[in-house]
Amino acid sequence: MEFNKYKRGDRPVEERIYDIARNSQDSKWYVIGYCGRNRRGHQEWMSVSNAFANKNEAIARMKQQYQCDKAARAEIASIV
């Protein structure tokens, strides 16, 4: 997958937790979420969306995903 090529530290919070990547086999864009690091210290990412035809749709979904997660965390915190 081809990742975005700009510095992560200069980006808003939602773009540090999530990123977009283009799958070279089907030329579609996906939103991927950061899962942590594995034993060897490599970053682990997991797809959190279906495929999008263009990059702008994937960027819009990435921002929506952060807002959904924020609302879900607030709801869980109110239950516990």
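This is a predicted model: local features need pLDDT of at least 70, side-chain atom pairs count only at pLDDT 80 or more; totals for chains, interfaces and linings use all residues.
**View 1. An aromatic pair is formed by Tyr-34 and Trp-45.**
A pair of aromatic rings is described by the distance of the centres and the angle of the planes. For Tyr-34 and Trp-45 the centres are 5.4 Å apart and the angle between the planes is 65°, and because planes over 60 degrees apart count as edge-to-face, the pair is given that name. Tyr-34 belongs to strand β3 (residues 28-37), while Trp-45 belongs to strand β4 (residues 43-47), so the pair ties together parts that are eleven residues apart in sequence. Tyr-34 counts as partly exposed, with a relative accessibility of 35%, and Trp-45 also counts as partly exposed, with a relative accessibility of 22%.

**View 2. Arg-22 makes a polar contact with Ser-27 through their side chains.**
Arg-22 is located in strand β2 (residues 18-23), and the distance given for its contact with the side chain of Ser-27 is 3.3 Å. With a relative accessible area of 24%, Arg-22 is partly exposed. Although Arg-22 and Ala-58 are 36 residues apart in sequence, their C-alpha atoms are 9.7 Å apart in space.

**View 3. A nonpolar patch on the surface is formed by Ile-76, Ile-79 and Val-80.**
Together, these three residues, Ile-76, Ile-79 and Val-80, have about 380 Å² of accessible area. One of them, Ile-76, lies in helix α2, which covers residues 55-79. Is Ile-76 buried or exposed? Its relative accessible area is 54%, and because exposed means over 50%, Ile-76 counts as exposed.

Notes
Residues are numbered from 1 along each chain as its sequence is written. Side-chain values use heavy atoms; hydrogens and water are left out. Patches are made of residues with over 30% relative accessible area and no salt bridge: like charges are joined within 9 Å, nonpolar side chains (Val, Leu, Ile, Met, Phe, Trp, Tyr) within 5 Å. Accessible areas come from the Shrake-Rupley method with a 1.4 Å probe; for residues, only the protein chains shown count as cover. A salt bridge is a side-chain nitrogen of Lys or Arg within 4 Å of a carboxyl oxygen of Asp or Glu. Helices (H or I, at least four residues) and strands (E, at least two) are DSSP runs, numbered from the N terminus. Buried means under 20% relative accessible area, exposed over 50%, partly exposed in between (1.4 Å probe, protein chains only). Rings of Phe, Tyr and Trp (its six-membered ring) pair if their centres lie within 6.5 Å; planes under 30 degrees apart count as stacked, over 60 as edge-to-face and the rest as tilted. A polar contact is a pair of N or O atoms within 3.5 Å; within protein, one must be able to donate a hydrogen and the other to accept it, and residues adjacent in sequence count only if both atoms are side-chain atoms.
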